[in-house]
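Hello,

The structure we spoke about is below. My notes on the strands and domains follow it.

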Amino acid sequence: LTSPPSLCSLLNSNKFTLIGDNAFAGLSHLQYLFIENNDIQALSKATFRGLKSLTHLSLANNNLQTLPRDLFKPLDILSDLDLRGNSLACDCKIKWLVEWLESTNTTVPAMFCSSPGQFEGQRIRDLALSDFQCITTDFVMHQVLPFQAVSAEPFTYASDLYVALAQPSASSCSILKWDYVERKLRDFDRIPAHSAVHCKPIVAQEQLYVVVAQLFGGSYIYRWDTAVDKFIKIQDIDSQKIRKPNDIEAFQIEGDWYFVIADSSKAGSTSLYRLNQNGFYSHQALHAWHRDTDVEYVENDGKPRLIISSSSQAPVIYQWSRAQKQFVPQGEVGEMLDVQMVKHFRAKREQFLCLSRYIGDSKVVRWEGQRFVEVQTLPSRGSMVMQPFAVGQRQYLALGSDFSFTHVYLWEEEKQKFTKFQELSVQAPRAFRAVPAADVQLLLAPSFKANTLVYRHVVVDLSL
């Protein structure tokens, strides 16, 4: 070498395994640094801090599998870098290096990936940033609500976000309000409900209604009275038709508001109600005496439909007749009996149903013109809830169980199926509801036996 000793450092063929922060402090005039043929397995992010004059750096023939992000950022005038002979893993932690290679003027001899399998032997400079799948997500605990609940219904009223929860053990429908400052759900009001199984908010014609379904003592409809700032009971629901309610769905057809209550008694009838100027009134009796467990409103091919699951027969499809202004039977969904819950989701332009079962496997089926076709089977012993929900562009599925962890699945469009994503520890869940709270995406998990849990959806960039 012709460089003066003070401008060059040779640290070759030693037994170094780690070089820490500020390892070369005080050597601001160093131009050449060769750390070759060692067993270096790791460098700290600030290893080369202060080497403002360094032009040549060699880390060849070590045991480096990754490099800290922006490792070479302090080296303002680096002209030559040698990383050959290392076992670099081309994963998300090295994505920054690919970006750096695209923009730097530093000469870097070819180096190759040692892993993972799909990149093994490939030249790192040839990798595209799109090759790295570094964005992942997670559900983390955000808030614990110290009570049991069996349903959760988010809604927006007067520009504020609320959640209505049925709490049979507390004999109430609890209304919680989102606190945008504290980023928490807080108590707002309570509606007495001695055996509530569902509290369904309906915001129609600038009025807030809550349909309170009870197992005993009849069901009621309340309206928020802005003059006194409290909920006022405005009507009873026919207890001869609705004996043992299990689920409520609300929707609009041709500008009119309706709700339907699934009745799970053998003597009652799942019933449809319509809103007029004075309140909701009985519009149609549906599917009497079948122990209905759930009802879902869907629109397929622009046609409104109800799908009613039952413990005594396969889910039944009803289609809206514009001429009769009623739902008429259209058929069944396969031959699957004892479906606890039926929920739908859309992926691209296709419509899917999720059918949960307490005993036996749960199913995902796809609408194909005139019928639903099975696309996936999921083991689900003890499942009372199977809820699809979307957060941004991601489609998830939460499959709860009374006997094990809740499994969260993520939809893979190319495979047209759900794959396991995460496990959540929720005791006896009875619902999962996604709640978009400004810049926070929440997942509510009411529990029949323990506290109601609120998870937050977080997006993680593994390359950072």
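Buried here means under 20% relative accessible area, exposed over 50%, and partly exposed in between, with a 1.4 Å probe and protein chains only. Strands are DSSP runs (E, at least two residues), numbered from the N terminus. This is a predicted model, in which local features need pLDDT of at least 70, side-chain atom pairs count only at pLDDT 80 or more, and totals for chains, interfaces and linings use all residues. Residues are numbered from 1 along each chain as its sequence is written, and side-chain values use heavy atoms, with hydrogens and water left out.

Strand β24 (residues 339-347) is mostly covered, with seven of its nine residues buried. β24 runs antiparallel to strand β25 (residues 350-357), and eight bridges join them; two strands count as paired if DSSP finds at least two bridges between them. Phe345 stands opposite Phe352 in β25. The hairpin of β24 and β25 has two residues between the strands, and Lys348 takes a positive phi near 60 degrees there.

Four strands form an open sheet in the order β12-β13-β14-β15, with antiparallel pairing. Its edge strands, β12 (196-204) and β15 (230-237), each pair on one side only. Neighbouring strands of this sheet are turned by 25 degrees against each other on average, direction ignored; the axes are lines fitted to C-alpha atoms, and angles run from 0 to 180 degrees between N-to-C directions. β12 pairs with β13 (residues 207-214) in the antiparallel sense over eight bridges, and Gln214 in β13 is the bridge partner of Ala196.

The protein is divided into domain 1 (1-132) and domain 2 (150-237), with bounds from an automatic or database domain assignment. Their centres, taken over C-alpha atoms, are 61 Å apart.

Regards
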